[in-house]
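Subject: The two-chain model

Hi,

Here is the structure I promised to pass on to you. Please open it alongside this message, and then read on for what turned up.

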Amino acid sequence: MSPVIIAKDVYKCYAGLDPVLRGVNMEAETGEMIAVMGPSGCGKSTMLHILGMLHAPDSGRLQILGTEVSTLDHKHTAAFRRVNMGFVMQSFNLFDHSTVFENVEFPLIYAGIPPQERWDRVIRALDLVRLSACVHSRSNRLSGGEQQRVAIARAMVNNPRILLADEPTGALDARTSRHIMKHFRTLCHMAGVCIIMVTHDPTMAEYCDTVYTVEEGVLYCRKRDLKPISAGTAL
Amino acid sequence: MIAMSDLFRVSLRQVVRQRNYGVVLSIALGITAFIVLAVLGREMRYKIGQDMVLMGGVNVINVIMDDSQYPGQPVREFYPDTIRTLEELPGVSMISRNIRGGIGFLLRSAGERSLNINFIGIDQNYAKIFSLEAVAGRLFTPEDVERRSRVCLLGLEAARNLYGGAREALGKLLFLDREIFEVVGVITGVMLGSQRQDGFLPVSAMVDRNWGSDKITRLYVRAVAWEDVAGLVKIIPAVVRERQSAPYVRLTTQEDQLTRIKFMFMWVESLLWLGITAALLLGGFGIWAGTFAAVRARTREVGLKKAMGGSDTDILAQFLAEALCKAVAGGLLGIMIGLALVETGSWLLDLDFSYGLLLVDSLGSIVFSAVIGVAGGLYPATQASRLDVVTALRFE
């Protein structure tokens, strides 16, 4: 399987501070679920932002889906992200005073999907996280776990090849966190989405195929041999 | 770039849910005032101008045959044909025929006191031109003037001096140069001034008797509004001379008062426009501040939208569209209220207005509101579009 993300010798330093990333190398494949771990301030979120093209590396190569993304301008970067990537943040970041449908619909608006196709796609995305019954609910009336599932549905509605999650279970209780991680595994192994997740919780990392650890700006990799989920055991 | 239909649907939804109605109301207030002033302003100026006679008769033009000032000249009079032509001029409300000067008669009052009362010749329009009213009895009718009736009116003070009151004067007979005239009315009014002590006879009766003069030598021309005065002053001499010989026709107006009233109007109008501008600026500032507050409150939303693939232009367009929606909503509300006020005002003040002008002003208001919205929202929206994604996502 060809890698969807190849990062080589990625270097990042913020002005006036020590380098955060010092020659990071990483490869991610289709359907792979990756955890990036490390203590606070070690640069794992920076790593995720660079992989998500939210920040540009100071040096090094970054190839995503066969495209050398560091050569793209601002406008094309946004367009590339729109088509190929989904984001889930630590705090749920749903739009206030909007319904579940309006939240999940938004990436489709940016992608220029015609209004008549949106309903089906939103419902399909909500079905993935088993929230299609709440499609008309106000997002701020949902529980924390439900809000995070809406955020996942929103990240998935455009059928991205890569899903980036920044501590997606950081604000959730253990039971809901486990539930969310199971959702991620299903998406990875059933839909072939590459998920890269930043977490500091080893329990959550146990759900991932590969665990990277950032230590003093260098990424250390530990591959694990997890059994893929079959259709029969899906959520 | 996000589709326009989606952009405005999402923005309108956001505006409704934000409930930032203060800005909308402020713009509505400005647009309402603009519509009312622009549509009814001209008619109202005319109406007020008509009432300005109470403040000094600024729309009355005194037209005199001044031949008597030039020795050896024959004294000319205004021909009926000339008067009819003047009556038909645009901007002329009505004309009163008079004779220049009057005649004094010694009359005996209630206390056996002798009073010298000055009598002047007027027609039926004189009272209307100077907004006089009868406090007792009646005013002159066209028949009184036409039939040269031997009737007279007294000023309120003359009636009091002679008979102790207005009602007491009615029906009394006055002996003027061995002729008997009956008092049929007592008149007063702001414009009457010292003529409250005078008496009034039908101009035709005075001409017949050569009391004061045997010719119509003075016309009082009342303009529809003070704005018409300047134009009439220019054309009246030419019109008169076209119809008859009138080398020494002279016009006088209340020029100083007219200038002062124009000046006063200019200030009142300036203050009104200033108020409208202030209301609209307030609305624009409200949009500016509101959009800034929205950008600040929704910074993480901006970051998230950018992470989703929203371009800078999408973010700019969204905040700008929200500002535009607020401004145009205010404009539409202002037009509706303005329309209602224009209809009500025209009905109450008995004014006419042009629906074409209303339409043009309404369209202009929409465009103007949109400009306010864009101008007010542009800077904060640009700031939002330039936010760094990660900084925006981490904003607390």
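Predicted model: local features only at pLDDT ≥ 70, side-chain atom pairs only at ≥ 80, totals over all residues.

**Between the chains**

Chain A and chain B bury about 2,300 Å² between them, and carbon and sulfur atoms account for 55% of that area. On the side of chain A, the residues that lose the most area to chain B are Phe95(A), Ile109(A) and Tyr110(A); together they make up 25% of what that side buries. In terms of residues, the contact takes 25 from chain A and 24 from chain B.

Polar links are present here as well. There are four salt bridges between chain A and chain B, and seven residue pairs are in polar contact across this interface, with both residues at pLDDT 80 or more. Which elements of chain A give two or more residues to the side that touches chain B? They are α1 (44-51), α2 (74-84) and α3 (100-110) of chain A. The largest share comes from α3(A), with six residues. Sorted by class, this side of chain A has nine nonpolar, nine polar and seven charged residues.

Asp6(B) pairs with Arg118(A), and their closest N and O atoms are 2.5 Å apart. This pair crosses between chains: Asp6(B) sits in helix α1 (residues 4-18) of chain B, while Arg118(A) belongs to helix α4 (residues 115-128) of chain A. Over all chains, the structure holds 22 salt bridges.

**Inside chain B**

Chain B is divided into domain 1 (4-50 + 261-393), domain 2 (59-100 + 217-253) and domain 3 (101-212). I looked at how domain 2 and domain 3 meet. Their C-alpha centres lie 25 Å apart, and the contact takes 11 residues from domain 2 of chain B and 18 residues from domain 3 of chain B.

The area buried between these two domains is about 1,200 Å², with 57% of it from carbon and sulfur atoms. Within domain 2, Met94(B), Arg97(B) and Ile99(B) lose the most area to domain 3, together 46% of what that side buries.

Arg97(B) also takes part in a salt bridge, with Asp123(B) as its partner and 3.6 Å between the closest N and O atoms. Across the interface of domain 2 and domain 3 of chain B there is one salt bridge, and seven residue pairs are in polar contact, again with both residues at pLDDT 80 or more. The elements giving two or more residues to the domain 2 side are β2 (92-98) and β10 (218-223) of chain B. Of these, β2(B) provides the largest share, five residues. That side divides into five nonpolar, two polar and four charged residues.

**A helix to look at**

Finally, have a look at helix α12 (residues 312-348) of chain B, which has 37 residues. How far does α12 reach from its first C-alpha to its last? The span is 53 Å, close to the 54 Å expected at 1.5 Å a residue. Just after α12(B), Asp350(B) takes a positive phi of about 60°.

Happy browsing, and do write back with any thoughts.

Best wishes

Notes. Residues numbered from 1 in each chain as written. Chains lettered and ligands numbered in written order. Heavy atoms only, no water. Contact = heavy atoms within 4.5 Å. Buried area = accessible area lost by both parts, 1.4 Å probe. Salt bridge = Lys/Arg side-chain N within 4 Å of Asp/Glu carboxyl O. Polar contact = N/O pair within 3.5 Å; in protein donor to acceptor, adjacent residues only side chain to side chain. Helix = DSSP H or I, 4+ residues; strand = E, 2+ residues; numbered from the N terminus. Nonpolar A, V, L, I, M, F, W, Y, C, P; charged D, E, K, R; others polar. Expected span 1.5 Å × (residues − 1). Domains from an automatic or database assignment.
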